[in-house]
Amino acid sequence: MNLVAVGVLLLYMQTLGYLATLARNATSPADLYLLRSPSPVLHAGAAVALLLTALVLSVVKPRGVTSYGHRKAHP
């Protein structure tokens with residue numbers, strides 16, 4: 001899950017580079033209107049949600065002994 005998120009965000013860096021170039025070369029406020037895309041916020045929000053999901057899945061464990069643990073303890 002984390003590898004997919006990192007891969008998508010690395011590919012998205014090209015788009016962010018393009019938007020940065022547009023912002024740097026803007027000569028009028030009308031040029032800056034092209035930068036009002038919700039895409040960077042959506043991608044960042046999705047990445048945070050994915051990383052939080054991975055965090056919760058890695059920390060939250062079932063209570064008690066699982067059936068596997070019970071079999072290992074009492075062969």
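Helix H1 (residues 2-25) packs against helix H3 (residues 39-59) at about 165 degrees, with the two axes 11 Å apart. Here axes are lines fitted to C-alpha atoms over the stretch in contact, and angles run from 0 to 180 degrees between N-to-C directions. H1 is therefore roughly antiparallel to H3, a label for angles over 145 degrees. The crossing of H1 and H3 is left-handed: the near helix is turned anticlockwise from the far one by less than a right angle.

This is a predicted model, in which local features need pLDDT of at least 70, side-chain atom pairs count only at pLDDT 80 or more, and totals for chains, interfaces and linings use all residues. Residues are numbered from 1 along each chain as its sequence is written, and side-chain values use heavy atoms, without hydrogens or water.

Now look at the residues between the two helices. H1 brings Asn2, Ala5, Leu9, Tyr12, Leu16 and Leu19. They meet Ser39, Pro40, His43, Ala47, Leu50, Leu51 and Ala54 of H3. Contact means heavy atoms within 4.5 Å.

Step back to the whole chain. The protein has 4 helices and 0 strands, in the order α-α-α-α. Helices are DSSP runs of H or I with at least four residues; strands are E runs of at least two.

The C-alpha trace spans about 75 × 20 × 10 Å along its principal axes. The radius of gyration is 22 Å, while a compact globule of 75 residues would have one near 11 Å. That radius is taken over C-alpha atoms, and the globule rule is 2.2 Å times the number of residues to the power 0.38. Buried residues (under 20% relative accessible area, 1.4 Å probe, protein chains only) make up 7% of the 75.

Conventions
Buried < 20%, exposed > 50% of the residue type's maximum accessible area, 1.4 Å probe, protein only. Parallel < 35°, antiparallel > 145°, perpendicular 65-115°, else oblique.
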